[in-house]
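Hi,

Here is the structure I promised to pass on to you. Have a look at it first, and then read on for my notes.

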Amino acid sequence: EPMAWDYGDLRALAAWIDSDGSIPFARGRQKRMRSGFAYHVSIRVYNNDRRPLDWMVKTFGGRIHPHHGQTCLGQRYCFYWDAGPMLDAVLAAVIPYLMVRRERALAAQELRTATQERKAAIWAQNVRPTRATRRAALSS
């Protein structure tokens, strides 16, 4: 079920993502996956002032992290907001309002969908039948 965010809030978030944000993709090793790789997508907005990032957490969820060892434009210490578990809902809601990063967001959404479908297929193959299912199969 889609989240009911305010039109103005979505436009503001899109502006922050277009100007001070990124939509990084990462590939990491994961032994449980058959290919040995897992893909991670996130939405991040960087700033040296926590107030806009606090607004993002309050409005859209997610978390604020320190950007370790980095400064924003050579200024003070920098932080970033990450959509976290709200990624899919935020991504779907904000895409229509993005200008600069729209193609990247669409690619991220496609990668997330493909990854989730692949995980579901792997889990379906690896799921052990429950004790009740095994008993029913033996009795028939």
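A word you will need throughout: a residue is buried if its relative accessible area is under 20%, exposed if it is over 50%, and partly exposed in between (1.4 Å probe, protein chains only). Please keep in mind that this is a predicted model, in which local features need pLDDT of at least 70 and side-chain atom pairs count only at pLDDT 80 or more, while totals for chains, interfaces and linings use all residues. Residues are numbered from 1 along each chain as its sequence is written, and side-chain values use heavy atoms, with hydrogens and water left out.

Let's begin with the overall layout. The protein chain has 5 helices and 6 strands; here helices (H or I, at least four residues) and strands (E, at least two) are DSSP runs, numbered from the N terminus. Along the sequence they come in the order α-β-β-β-β-α-β-β-α-α-α. Of the 140 residues, 31% count as buried.

Next, the strands. Two strands pair if DSSP finds at least two bridges between them. Strand β1 (residues 21–22) and strand β4 (residues 44–47) are antiparallel partners with 2 bridges, and Gly 21 sits opposite Val 45 in β4. β4 is also joined to β6 by 4 bridges, again in the antiparallel sense, with Tyr 46 opposite Tyr 80 in β6. Since 5 of the 6 residues of β6 are buried, β6 is largely enclosed by the rest of the structure.

Now for the inside. A nonpolar core is a set of buried Ala, Val, Leu, Ile, Met, Phe, Trp, Tyr and Cys residues joined through side-chain atoms within 4.5 Å. The largest one here has 25 residues, and those with the most contacts inside it include Leu 13, Ile 43, Phe 60 and Trp 81. Two or more residues each come from α1 (7–20), α2 (50–60), β6 (77–82), α3 (87–94) and α4 (102–126). The largest share, 5 residues, belongs to α3.

Which of its residues are buried? They are Pro 52, Leu 53, Met 56, Thr 59 and Phe 60. Just after α2, Gly 61 has a positive phi of about 85°.

Finally, the aromatic rings. Rings of Phe, Tyr and Trp (its six-membered ring) pair if their centres lie within 6.5 Å; planes under 30 degrees apart count as stacked, over 60 as edge-to-face and the rest as tilted. That rule gives 4 aromatic pairs. Trp 55 and Phe 60 form an edge-to-face pair, because their ring centres are 5.6 Å apart and their planes are at 85°. Trp 55 is partly exposed, at 26% relative accessible area, whereas Phe 60 counts as buried at 1%. Ring pairs also link Trp 5, Trp 55 and Phe 60 into a cluster.

Enjoy exploring!
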